[in-house]
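Work through the exercises below with the sequence and the model at hand, trying each task before reading its solution.

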Amino acid sequence: MKSVILKSGAAALAAFCVSAVSAAPIAQWDYMVNSSFLAAETQFTSGRASSNGVASSDEINWGVAGGTVGVNRSGLIISNSPSGGVLITDGDAALANSYTHVNNGNLGRNSVSLKVAEIAAQLQLRPTNSGLPYSSVGATYTINFAETPNVAGTCVVQSAVACDDIFVLAGSLNESFTYDGFEYFVSFFAAPTLTALDPAVCAAAGADAGCLGFTTQEFMSTTVNFNLMITSKAIDVPEPASVALLGLGLLGLAASRRRN
């Protein structure tokens, strides 16, 4: 019996047993990715009674109570979830999940806005045409968000239209695992690319210096796609300094294969 271990610091390991005729590098994988908001963990800023925040598994929205997203409410929406398909080792990236921020600037001075959101993500993998059960691993990710005041001269991030809003994402974007003695790397990429934010920008979102994230322009809808790759060699993927990405990663994966 051979061990399959995903290297991830203090990650938890899940195990499963499968059959194989012989050990060889896996050229092709079936995958499924599913993400959802943990609605009960969503945190909003305080605001007057006429404003509110609403969270469900696939959408969080906030602003003027009884309003409409895109008119006087903003929103964060998950799409392309679940997604699945086939990944070729060292081949092209495939779509994981997408997140769209509908950024509205007419929320009202004292309206509630998003502060912190939690995402539960699950990745499932198996060799293509193996007939084997998927190995499944889950992780929780954190979004720190800052709804910036649109007052000239106060912008932490200057924009063409008032002040950009700020997303900070924390978590692991790549992990390695060994399957039947061969090492592979699971990597996630965001488009637009996650970048290291200025310490002042991190602080505005309640995050430590060195955080990764992006900003979004007022009165715009910005979609961030996360793409997934499996490679046989390590590749460069930005890693947040803290805990959990807006997007995806693995806490741990372990498997064992029984050779006939």
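The protein chain averages a pLDDT of 77, and 76% of the residues score at least 70, where pLDDT is the predictor's confidence in each residue, from 0 to 100. Over residues 1–22 the pLDDT is below 50, although the model gives this stretch 77 contacts (heavy atoms within 4.5 Å) beyond near neighbours in sequence. This is a predicted model, in which local features need pLDDT of at least 70 and side-chain atom pairs count only at pLDDT 80 or more, while totals for chains, interfaces and linings use all residues. Residues are numbered from 1 along each chain as its sequence is written, and side-chain values use heavy atoms, with hydrogens and water left out.

**Exercise 1.** Find which cysteines form a disulfide, and describe their link.

Solution. Begin with the count: the structure holds one disulfide, defined as a pair of cysteine sulfur atoms within 2.5 Å. Next, identify the partners, Cys202 and Cys211, whose sulfur atoms lie 2.0 Å apart. The link of Cys202 and Cys211 is left-handed, with -95° about the S-S bond. Finally, both Cys202 and Cys211 are buried, that is, under 20% relative accessible area with a 1.4 Å probe, protein chains only.

**Exercise 2.** Determine how many bridges join strand β3 to strand β8, and how many join β3 to strand β10.

Solution. Strands are DSSP runs (E, at least two residues), numbered from the N terminus, and two of them pair if DSSP finds at least two bridges between them. First, β3 (residues 28–37) runs antiparallel to β8 (residues 83–88), joined by six bridges, and Trp29 stands opposite Leu87 in β8. Then turn to β10 (residues 114–127), which nine bridges join to β3 in an antiparallel arrangement; there, Ala120 is the bridge partner of Ser36.

How values were computed
Buried means under 20% relative accessible area, exposed over 50%, partly exposed in between (1.4 Å probe, protein chains only). Helices (H or I, at least four residues) and strands (E, at least two) are DSSP runs, numbered from the N terminus.
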